[in-house]
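User: Could you walk me through a few residues in this model, one at a time?

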Amino acid sequence: MTYTIADLQYLMARLRDPDTGCPWDLKQTFSSVVPYTLEEVYELVDAIEQGDQEQIRQELGDVLFQVIFYSQLAAESEQFSFSDVVSDIVAKLLRRHPHVFPSGELNSQRSLDAPADEAIKARWEEIKQQEREQKAQHSAMDDVPRALPALTRATKLQKRAAQQGFDWLELKQVIGAFRAEIDELEEAIAMADSRAVADEMGDVLFSAVNVARHLNLDAEAVTRGACDKFERRFRFVEQRCQESGVFAGKGELNSQMELFWNEAKAAGL
């Protein structure tokens, strides 16, 4: 049997029914659902990166359910409905794609001569800036969510600053600034100033994100890739330790484990 959005909305309303609903769902609020939303989004990202189409389908459903859940909570307090959510996003996308919908209407047709990618991007940013002004935002940083993963937020903050002309023009300048931050970290370590070390370590990471941005790399994605690579190699080291009877307990890295690590690298793990 195939179900529809209407069925999902009905199911959600039943889960939240004060008399016959689910006790767990009835206890939830906007704030309490947030951790589950983040978890579902990360699970979707993981499925996409694994290329698992069946899992992507399942995780998309889980993410959609989060939207339905929030909409039900809002409808119960007469703030907005799921229909309002859909209407708002359609209106926003029509507004932000004048090269596809020139009249701003859903059934409008564009000319066959599509604008260049750079022109589309520039217009997109111009429209977003107009939206910020309409919201009476006073800074380009105002609508960058604080709850974003730190690397993603760093990238967005840097992009916003760059749009205001606050950016290095050449990659060598960015890398030079990165090296300068490492030097400052080493100075803080030499001074044994724990607060300064933490501050400078943050600057090093923020600067590394800037290098990634100038290389047109997604800092969050490449860091996830590095984590996956480390995990693969360490699992290999654990397996080789077990096979060789090498103790892999706490303490300093022993030479045998380092050899196994190099084996993993040589094997392309």
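User: Is Ser 108 buried or exposed?

Analyst: The relative accessible area of Ser 108 is 11%. Buried means under 20%, exposed over 50% and partly exposed in between, with a 1.4 Å probe and protein chains only. Ser 108 is therefore buried.

User: Before going on, what kind of model is this?

Analyst: Residues are numbered from 1 along each chain as its sequence is written, and side-chain values use heavy atoms, leaving out hydrogens and water. Local features need pLDDT of at least 70, side-chain atom pairs count only at pLDDT 80 or more, and totals for chains, interfaces and linings use all residues, as the model is predicted.

User: Which residues does Ser 108 touch, not counting those up to four places away in sequence?

Analyst: Ser 108 sits in the loop between α5 (82–96) and α6 (117–134); helices are DSSP runs (H or I, at least four residues), numbered from the N terminus. With contact meaning heavy atoms within 4.5 Å, the residues touched by Ser 108 are Val 100, Phe 101, Pro 102 and Ser 103.

User: How far apart in space are Ser 108 and Pro 98?

Analyst: In sequence, Ser 108 and Pro 98 are ten residues apart. From C-alpha to C-alpha, their separation is 9.8 Å.

User: Which residues does Glu 59 contact, leaving aside neighbours within four places in sequence?

Analyst: Glu 59 belongs to helix α4 (residues 53–76). Its contacts are Glu 40, Glu 43, Leu 44 and Ala 47.

User: What is the relative accessible area of Glu 186?

Analyst: Glu 186 is part of helix α8 (residues 171–190). This residue is partly exposed, and its relative accessible area is 48%.

Terms used
Helix = DSSP H or I, 4+ residues; strand = E, 2+ residues; numbered from the N terminus.
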